[in-house]
Amino acid sequence: MNKQDNGSKTYLYGIVCVAVLGGLLFGYDTAVISGAEKGLQAFFLGAKDFVYTDVIHGITSSSALIGCIIGSALSGLCASRLGRKKSLAIAGVLFFISALGSYYPEAFFFNYGIPSLGLLASFNIYRIIGGVGVGLASAICPMYIAEVAPSGIRGTLVSWNQFAIIFGQLVVYFVNFLILGEHTNPIIERIGETLYAVNPASDPWTIQTGWRYMFGSEGIIAALFTILVCFVPESPRYLALKGKDAKALDVLRRINGGKAAEILADIKNTVSVKKEKLFSFGITVIFVGVMLSVFQQAVGINAVLYYAPRIFDSMGMGNPMMQTVIMGIVNILFTLVAIFTVEKWGRKPLLIYGSAGMAIGAFGVAAANIIDVAPIVPVVSIMIYSASFMFSWGPICWVLISEIFPNTIRSAAVAIAVAFQWIFNFIVSSTFVPLYNMRAGEMGESFGHVFVYALYGAICVLAAWFVARMVPETKGKTLEEMSALWRKRK
């Protein structure tokens, strides 16, 4: 067959690469806090007009997730009204505004370098703006990739979005490490049950400047993504939904070659009823999509990703920023496992095996805080926990969410599922520090270390059971076949 018969793989991979850049920004934005949060905490501990408590720091570190909830909730409306392409462009603009605003939250209203309650509010507003961009990108990037990708490689291409997310986290870990350079994170000491103070010997540069560079560095990638997304085509399935068949056929022909007309006919058969209600295929499909999102966050992975340097520091294993970079490399390698096996092994086996590995890692960390062991034991357990997530719940959850919903309800259903993902992300991330620092009886602070990881381990076991009982295998099925699958289950 000639190129026209097969379509252009170069064209397909080109537009997918632009889309996954949105995933990279997603990972970059959510993980940048890991290197900046200690400097940020030390900065606001210097405020004179309010007391910066443990709880306030947990909320500030997680404030972007409020925007993620908003952005993901709006993603269905944006995707269906504005289209996938325009929605991604809006996300890019929001990323850019957030990067600059988080770098310089004093702009227009406050004096530079003087912490105050008003400045804290300004900083959090900029982080929430970026979170809205993350929420949009998190829902629409995998949706867009799934809608342009041929069924035989759809799982692989959507998994590349998760690879980009993890790569974005690795990039920002490395950028934070380079920005910190020879400087050191501030020394923060507990002076009460929930109160902290900055040790006078702390490096003043990291308190006043370092965290700003970390947040601001995102602006370069955000600008690049916003420009490039203007050159990708709209999703052919969205075009078909809007009755723009000629444009949809043109995109499909460039991707699929001679099969384009047949694919368009299949799409038209499933979108002929354009106003199907959300529960037209029953409640089960929505429940499964929502619970996939809930479990992806409830297993606790983002608490590890956001607070990695703090966790490694508490374990006493050398330079915590270097340990975080090593964890990022491990995460990348195990995400590749999912990319190269998702179309061979299927979605369900990877989720079940990953849940088991995460449970082992989480229980290992909990046990290491009860039994006196070498620091390498909890570090390796954290790595096992993180690596297991990266070949399972990390990429596979996004693959399933992007493909299990029928065409006519996909935008709304994905928005609901992803909104629940960010709600639970916020719950887990904002409660991690207070739970991790809990004290009880003779165990003291180690009680919180045991409790939080034992809790995550138990949730991993429950997640494996849920997948085995409720989640259908979608390997090799077209998006249009999802309609028939869920009508049978209705």
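**Surface patch, rings and helices**

Helix H18 (residues 376–390) gives the most to the nonpolar patch, contributing four residues. The model is predicted.

Colleague: What makes up the nonpolar patch on the surface?

Modeller: Ile 360, Ile 370, Ile 371, Val 373, Ile 376, Val 377, Val 380 and Ile 384 form it. Together they have about 670 Å² of accessible area.

Colleague: Where is Ile 384 found?

Modeller: Ile 384 is in helix H18.

Colleague: Why does Ile 384 count as partly exposed?

Modeller: Its relative accessibility is 36%. Buried needs under 20%, and exposed needs over 50%. The value of 36% lies in between, so Ile 384 is partly exposed.

Colleague: Turn to the rings. How many aromatic pairs does the structure hold?

Modeller: The structure holds 21. One of them joins Phe 109 and Phe 110.

Colleague: Why is the pair of Phe 109 and Phe 110 called edge-to-face?

Modeller: Start with the centres. They lie 6.4 Å apart, and a pair needs them within 6.5 Å. Now the planes. They make 65°, and over 60 degrees counts as edge-to-face. Therefore the pair is edge-to-face.

Colleague: What makes Tyr 453 and Tyr 456 a pair of that kind?

Modeller: Their ring centres are 6.1 Å apart and their planes stand at 90°. The angle is over 60 degrees, so this pair is edge-to-face.

Colleague: How far apart are Tyr 453 and Tyr 456 along helix H21 (residues 446–470)?

Modeller: They are three residues apart, which means about one helical turn. An α-helix has 3.6 residues a turn, so residues three or four places apart point the same way.

Colleague: Are Tyr 453 and Tyr 456 buried or exposed?

Modeller: Both are buried.

Colleague: And why is Phe 109 called exposed?

Modeller: Its relative accessibility is 69%. The cut-off is over 50%, so Phe 109 is exposed. Phe 110 has 29%, so it counts as partly exposed.

Colleague: How do you know that the charged end of Arg 212 sits over the ring of Phe 43?

Modeller: It is 5.6 Å from the ring centre. The limit is within 6 Å, and the charge must also be within 35 degrees of the ring normal. Phe 43 also belongs to an aromatic cluster, with members including Phe 44 and Trp 211.

Colleague: Last one. Which residues of helix H3 (residues 54–61) are buried?

Modeller: They are Asp 54, His 57, Gly 58, Thr 60 and Ser 61. They cover an arc of only 165° around the axis, so they lie on the same side of H3.

Definitions and conventions. Residues numbered from 1 in each chain as written. Predicted model: local features only at pLDDT ≥ 70, side-chain atom pairs only at ≥ 80, totals over all residues. Heavy atoms only, no water. Buried < 20%, exposed > 50% of the residue type's maximum accessible area, 1.4 Å probe, protein only. Helix = DSSP H or I, 4+ residues; strand = E, 2+ residues; numbered from the N terminus. Arc of directions from axis to C-beta. Patch = residues over 30% accessible without salt bridge, like charges linked within 9 Å, V, L, I, M, F, W, Y side chains within 5 Å. Areas by Shrake-Rupley, 256 points an atom, 1.4 Å probe, with all protein chains shown as cover. Salt bridge = Lys/Arg side-chain N within 4 Å of Asp/Glu carboxyl O. Phe/Tyr/Trp six-rings, centres within 6.5 Å; stacked < 30°, edge-to-face > 60°.
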